[in-house]
Amino acid sequence: IKDLSAQAKPVMPMRLRRYAAGAAVALSVYAVCAQCWLEGFRPDLTAQLMRPMFILELLLLTAMLVSAAVAAVVGMLPDAAQQRLLMRAPYFFSGAMLALVTFQLLLPQDARMVMAHAAAHTHQCTMYIAVTALLPAMAMFMLLRKGASVMPTHAGALAVIASVAVGAITLRLAEANDSITHLLTWHYIPSIFFASMGALLGRALLRW
């Protein structure tokens, strides 16, 4: 027993708070870089910030980003630190955001909303969200592999939700197009598909 104890390698404790804070900060910095890549903000952003629905959409997207990043890190522990509500929060915010956008289909159009041409920025928006999510998703998966999650599918989906939210936020701040049909078709429904792909990747890459 003494010999085996001497050969054992010390195990570093999981520093969840540091990992969670680091992930949130890194994603925020990456979002700023992505915004610069998009060459800044939409010209009518000041007017849009006066629209309650636009503000609420941004707040829910931000909540998705932060809660998914933190929940993914907490999920590195086998018992997820017994934080069941925290682990479900990203899905709640995602559902609330989709419900908010869909609900606007029933509302009269706000005069401050910009309706771009139907052919403007269609699949390009989906491609931007996918490309923007790629790097942070890879970093999140590398981080999650340091843990011992017993919910790899769940962890993979959370990693991609956090990453996709970066692209969704920066694109809403840059693209002067408030068409609800456009947002659902080219922004948010594809994001659900990306999260599903993240779940499949999590099952393959985060198993131990």
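Hi everyone: α5 and α8 are roughly antiparallel to each other, a term for angles over 145 degrees. This is a predicted model, where local features need pLDDT of at least 70, side-chain atom pairs count only at pLDDT 80 or more, and totals for chains, interfaces and linings use all residues. Residues are numbered from 1 along each chain as its sequence is written, and side-chain values use heavy atoms, leaving out hydrogens and water.

The angle between α5 and α8 is about 160°, with the axes 10 Å apart; axes are lines fitted to C-alpha atoms over the stretch in contact, and angles run from 0 to 180 degrees between N-to-C directions. Their crossing is left-handed, so the near helix is turned anticlockwise from the far one by less than a right angle. Met97, Leu98, Val101 and Thr102 of α5 meet Ile180, Leu183, Leu184, Tyr188 and Ile192 of α8, where contact means heavy atoms within 4.5 Å.

Now, α5 by itself. A kink of about 30° is centred on Pro90, the bend being the angle between axes fitted to the seven residues ending there and the seven starting there. Pro90 is also buried, as are others in α5 including Met87, Ser94 and Leu100; buried means under 20% relative accessible area with a 1.4 Å probe, protein chains only. The buried residues of α5 pack against α4, α7 and α8.

Last, the other pair. Helices α2 (16–37) and α6 (123–144) pack at about 160°, axes 11 Å apart, and are therefore roughly antiparallel too. Their crossing is right-handed. Among the α2 residues that meet α6 are Tyr19, Leu27 and Trp37.

Methods. Helix = DSSP H or I, 4+ residues; strand = E, 2+ residues; numbered from the N terminus. Buried < 20%, exposed > 50% of the residue type's maximum accessible area, 1.4 Å probe, protein only. Parallel < 35°, antiparallel > 145°, perpendicular 65-115°, else oblique.
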